[in-house]
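Below is a briefing on one protein structure. Look over the sequence and the model before reading on.

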Amino acid sequence: MTPAAASASAAPTTTSQPHATGTSASTAVGAAPRWRTPLRDPALPAGHHERLLAIEERVLSGVRLDADDGLFLMRTPALHRVGRLANWVREKRHGERAYFVVNRHLNPTNFCVYDCKFCAFYRRANDPTGYRMSLEDVRRVVRDEFERELTEVHIVGGIDPKLPYSYFIDLLRVIKEERPDLHLKAWTMIEIEWFARISKKSIEEVLDDLLAAGLGSCPGGGVEVLSDRVHAALFPDKLSPAQWLDTARRVQRHGVRMNATMLYGHIETDEELVAHMVAVRALQDETKGFMTFIPLAFHPAHTELAHLPGPTGLLDLRTIAVSRLLLDNIEHIKTYWVMQGLGVAQVALRFGADDIDGTVVEEKITHDAGATTPFGVTQGELVRLIREAGRAPYQRDTTCSRATPV
Ligand code: V47
């Protein structure tokens, strides 16, 4: 359907109309959603309205957007139209559902050999504020502090050179011994590559050891921004973009599913964010192993980038919306409430996000960098936030293979 035909059949939108859902006939590919309207905003620059219409047309027809479209969407002042389009895609895939998981984070050590400029979590050897959990510490925490309702543990830490390879394998084994029911979403590509180095094994052999010990999937962190320039400026010692992609490819080819994050709101450009999303999309075309894409809002406090202001709410919403529109082959877009904030996370559920992460319980990485969000939230709070955003809360497992309405 052409834009003109679409608009001719479109009814005017009022705030009291229900939003289209994935099951509604009005959201089938190519059909015009009710909001499709030819109204020209006189405040927009020349040619802008037409470009937006063309992008909307392609999305509604299921045609993949390219990097130029992504850049345009990152820059257009008409953010509400970007959000509306992303919301349409989100509702077509997931209807009114908003997913959450009952999880908690576990960061076994904050000692790290890398000194990434955006990170306030890492500690150098001998820093008195550094910590390292023994396996007995881990066992005790699992026994005494892990709630019965928990379904997932998110495990990441510093790259601690004092810990042997066996520690990282045994840590999973210890948790599984105490709680075989838990899904262990553990270790980023940075850690997996480190394990291969210290054990002198291949990535695949490391994965076999981790899988045998209870690994369920891998979290998305450590990738930051897939840009050689940002890599050289902020985290030169860590895996390069090409190495991160290669490690992720091998992990997924070995049958381990994972997430992909994108750290925004520091020194990166719009072009670099778009290139990151396009690179993740290209890998997903090959591997199909990414479960969820998660834009992470940079927090500057106590980092070497403390002079930067950090992202605004508008950039938070834009990264969510543009990632939903560009990443047509990744099922879920997550608003990570710890970094984006509970209020923005609610709005993000109408800007393209279908997942709000989980209860988290004890978050350290962002809070060391000045986050003012809670360290964790209850399941009841997540449900209330989701309902207040007009969405239907669904408790999911880590891979979203099971999701139950709450
Ligand atoms: O890799 C570090 C980022 C990541 C800061 O896979 C910072 O489900 C903001 O990856 N400000 C860790 N961000 C968190 C992460 C994650 C979180 C939630 C869910 C999932 C998932 C993954 O946090 C790091 C880095 O990119 N980070 N320092 C900072 N100052």
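**Helix packing and the ligand shell**

The model is predicted: local features need pLDDT of at least 70, side-chain atom pairs count only at pLDDT 80 or more, and totals for chains, interfaces and linings use all residues. Residue numbers start from 1 along each chain as its sequence is written.

**Helix 5 and helix 6**
- The axes of helix 5 (residues 135–145) and helix 6 (residues 165–178) come within 9 Å and cross at roughly 25°.
- Axes are lines fitted to C-alpha atoms, for helices over the stretch in contact, and angles run from 0 to 180 degrees between N-to-C directions.
- Helix 5 passes helix 6 in a right-handed crossing; a crossing is right-handed if the near helix is turned clockwise from the far one by less than a right angle, and left-handed if anticlockwise.
- On helix 5 the contact uses Leu135, Val138, Arg139, Val142 and Arg143, and on helix 6 it uses Tyr167, Asp170, Leu171, Val174, Ile175 and Glu178 (two residues are in contact if their C-beta atoms, placed from the backbone, lie within 7 Å).
- The residues of this contact of helix 5 with helix 6 divide into 7 nonpolar, no polar and 4 charged.
- Ala, Val, Leu, Ile, Met, Phe, Trp, Tyr, Cys and Pro count as nonpolar, Asp, Glu, Lys and Arg as charged, and the others, Gly among them, as polar.

**Helix 6 and helix 8**
- Helix 6 also packs with helix 8 (residues 203–213), at an angle of about 15° and with the axes 8 Å apart.
- That angle makes helix 6 roughly parallel to helix 8.
- The crossing of helix 6 and helix 8 is right-handed.
- Ile169, Leu172, Arg173 and Lys176 of helix 6 meet Asp209, Leu210 and Ala213 of helix 8.
- By class, this contact of helix 6 with helix 8 has 4 nonpolar, no polar and 3 charged residues.

**Around the ligand**
- The ligand is surrounded by 22 residues, and the closest are Pro219, Gly220, Gly221, Asn259 and Ala369 (a residue is near a molecule if its C-beta atom, placed from the backbone, lies within 6 Å of it).
- Strand 6 (258–264) and strand 7 (290–297) each supply at least two residues of this shell around the ligand.
- Strand 6 gives the most to the shell, with 3 residues.
- By class, the shell around the ligand has 12 nonpolar, 8 polar and 2 charged residues.

**Whole protein**
- The protein has 15 helices and 11 strands; helices (H or I, at least four residues) and strands (E, at least two) are DSSP runs, numbered from the N terminus.

Note on methods. Parallel < 35°, antiparallel > 145°, perpendicular 65-115°, else oblique.
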